[in-house]
Each structure stands twice: as C-alpha cells, then as structure tokens.
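Here is a short report on one protein model. Look at the sequence and the structure first, then read on.

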Amino acid sequence: MMSNITTEQPLLSVKNLQIGYGPKLIQKNINFTVKKGSIFALMGGSGCGKSTLLKSMIGLLPPQKGNFFFKNEDYWQASKNHRIKIAHKFGVLFQSAALWSSMTVGENIALPLQLFTDLSPTMIQRLVELKLGLVGMDHAINLYPSELSGGMKKRCGLARALALDPEVLFFDEPSAGLDPITSKRLDDLILNLRNGLGTTIVIVSHELPSLFTIADDGIFMDAQTKTPIAYGSPKALRDNPPCEQVNDFMHRQRFDQLKQKD
Ligand SMILES: Nc1ncnc2c1ncn2[C@@H]1O[C@H](COP(=O)(O)OP(=O)(O)OP(=O)(O)O)[C@@H](O)[C@H]1O
C-alpha cells in the first residue's frame, strides 16, 4: 500500500553548479535548495558572484557545469522553447527597475501580458490595475518612469515582475539607492507579497538590516576560494558565524557605524 506521507519537494534545487564567463571560473560546487514560499538570500562580499548566480538562475547565463532544477525539471537541459516556458514562471526585478522610459507605468506592466497571454485589452487593463494595487501604486498608472521617485520605480518594477503571476521572484539589490525608510517600506511590501501570494523569492542584497528582516535561508559565497562557505538564514549566520569571513560580513554594518563615528 502507498503511504500517505509526502515529503515536501523544494521548488528550486541547485546541484554542483559551476558558473563563470567563458573559461573564467566565478563559483564552483554550489549546492542548495529553495523551499516553496521562502525568501532565499544570495550573500557574499563584492565580486564573489551573486549576480552571476542570479543570471544563471533566470536563464541569462548557461552554467559551466551542474544542474538547476525548477520543481523536477532540469532548466538548462530543457529545450530552448521549454526553458522559455519555465522562465514565464519567473519574475525579475533588476536593480534599476528597468522600466521602458517611453511607456507609461501602465503600458510597462501591460507589455508582458500582451506579449505572452491571449487576454483581451479589457482584462489586461484590469490586471494592470490589480498589480499596481498590490504594490500601492494605482495612482501612477498614467505616469512615465521619469516622473517617479526611486522607491516608486522599484514598486512599479515589482508590479511588472508580478504581471504573469510568477511562482518565483528574483530580486537583484532591490534596496540599492533607496533611503532607509523607503528601503524598509520595500521590505514590508516584499514580506506582504510573500505572505499574501505565497511567492518564492530569491534575493541578492548587500543590505544587512533588510536581509535580517526578510530572508529565511541563504547561501554565503566566498570570492577567494570561489565556492560557497556557509548556508543558513542571515540571522543564524550573524548569530553563529561558522568562520571569520562570514562573521566579518555579518557584522560589517556595526564596524561601518563605528567608523562613521570616529
Ligand atoms: N560579463 C562578464 N564577463 C567577465 N567577467 C564578469 C562579467 N560580469 C561580471 N564579471 C566578473 O565576475 C565576478 C563576479 O561578479 P558579480 O557581479 O557576479 O559579483 P557580485 O557578487 O554580484 O558583486 P557585487 O556585490 O559587487 O555586485 C567579478 O569579478 C566580475 O568582474
């Protein structure tokens, strides 16, 4: 008889991944899994390869070796057409928010819906309003990106990333360039979206306060040995750092504040 007990499958699994540019190695032996509905941080010092790993996960850079699974589908072994299909389950918010400057906010968010769905213009308009409502930017629907502040741009970029109801959201430095209050509001929004929609989130961020607040799990990559040296939530790595590099990174903010006071 079959057992009723099911083990929770991770949504994303990275197995022995090696990433780099041409022959240049950036990181090797990367292994981790991301649970559905969790917020997973890619951490490490400048230049260790966080953005490179993100690029490989969103389909912009084939790995040198290893596998990346979405559910049980091997992303990079899939045919190009199938890979594009899987990528429609991913939403991406880049550092710059990457909105088209010649289009209004509403047109920016409508674009993926026009390109990748057969929905009617009326339905697309409703969805655009809904997504903007989710990020508290309904009032910006007819504005151009140049009319928005940095925080507003990020929110609208997030609405566009949500357009196709992604199962996974990838964020590259979402709080970069934002003041601490706007950054805190963005963290609250990210947490609300995860709690409300159950979206799984993979995030690259240098902002320790933000990482401590929102991330449940993560990986710490080392630039010197070119391999991950720690796994766990940012808070756990801060409270029980397994080595000096992780300790220095996790307590950097405190050193920076002390330096500023000098
Ligand atoms: N297109 C490229 N071709 C060759 N090398 C690259 C390319 N893009 C980045 N690199 C190199 O790869 C390494 C990792 O860069 P990456 O941007 O992934 O690091 P990061 O951890 O995200 O850094 P940061 O925190 O400073 O943004 C760096 O040494 C960088 O110079």
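Which residues are around the ligand? They are Y21, K24, I26, G44, S46, G47, C48, G49, K50, S51 and T52. A residue counts as near a molecule if its C-beta atom, placed from the backbone, lies within 6 Å of it. The elements that give two or more residues to this shell are β2 and α1 (50-57). The largest share, three residues, comes from α1. By type, the shell holds three nonpolar, six polar and two charged residues. Here Ala, Val, Leu, Ile, Met, Phe, Trp, Tyr, Cys and Pro count as nonpolar, Asp, Glu, Lys and Arg as charged, and the others, Gly among them, as polar.

Two notes on the source. Residues are numbered from 1 along each chain as its sequence is written. The model is predicted: local features need pLDDT of at least 70, side-chain atom pairs count only at pLDDT 80 or more, and totals for chains, interfaces and linings use all residues.

**The sheet**

An open sheet has six strands in the order β6-β7-β8-β3-β9-β10, with mixed pairing. Its edge strands, β6 (90-93) and β10, each pair on one side only. Strands are DSSP runs of E with at least two residues, helices are runs of H or I with at least four, and both are numbered from the N terminus. Two strands pair if DSSP finds at least two bridges between them.

| Strand | Partner | Direction | Bridges |
|---|---|---|---|
| β3 (residues 39-44) | β9 (residues 217-222) | parallel | five bridges |
| β7 (residues 168-172) | β8 (residues 200-204) | parallel | five bridges |
| β9 | β10 (residues 227-231) | antiparallel | four bridges |

I219 is the bridge partner of L42. I219 also stands opposite Y231 in β10. F170 stands opposite V202 in β8.

**The core**

The largest nonpolar core has 62 residues. Such a core is a set of buried Ala, Val, Leu, Ile, Met, Phe, Trp, Tyr and Cys residues joined through C-beta atoms within 7 Å. Among those with the most contacts inside it are L42, F170 and V202.

**F32**

Buried means 20 or more other C-beta atoms within 10 Å, exposed means 12 or fewer, and partly exposed lies in between, with C-beta atoms placed from the backbone. Leaving out residues up to four places away in sequence, F32 touches V14, I219 and Y231. Touching means C-beta atoms within 7 Å.

Note on methods
Two residues are in contact if their C-beta atoms, placed from the backbone, lie within 7 Å.
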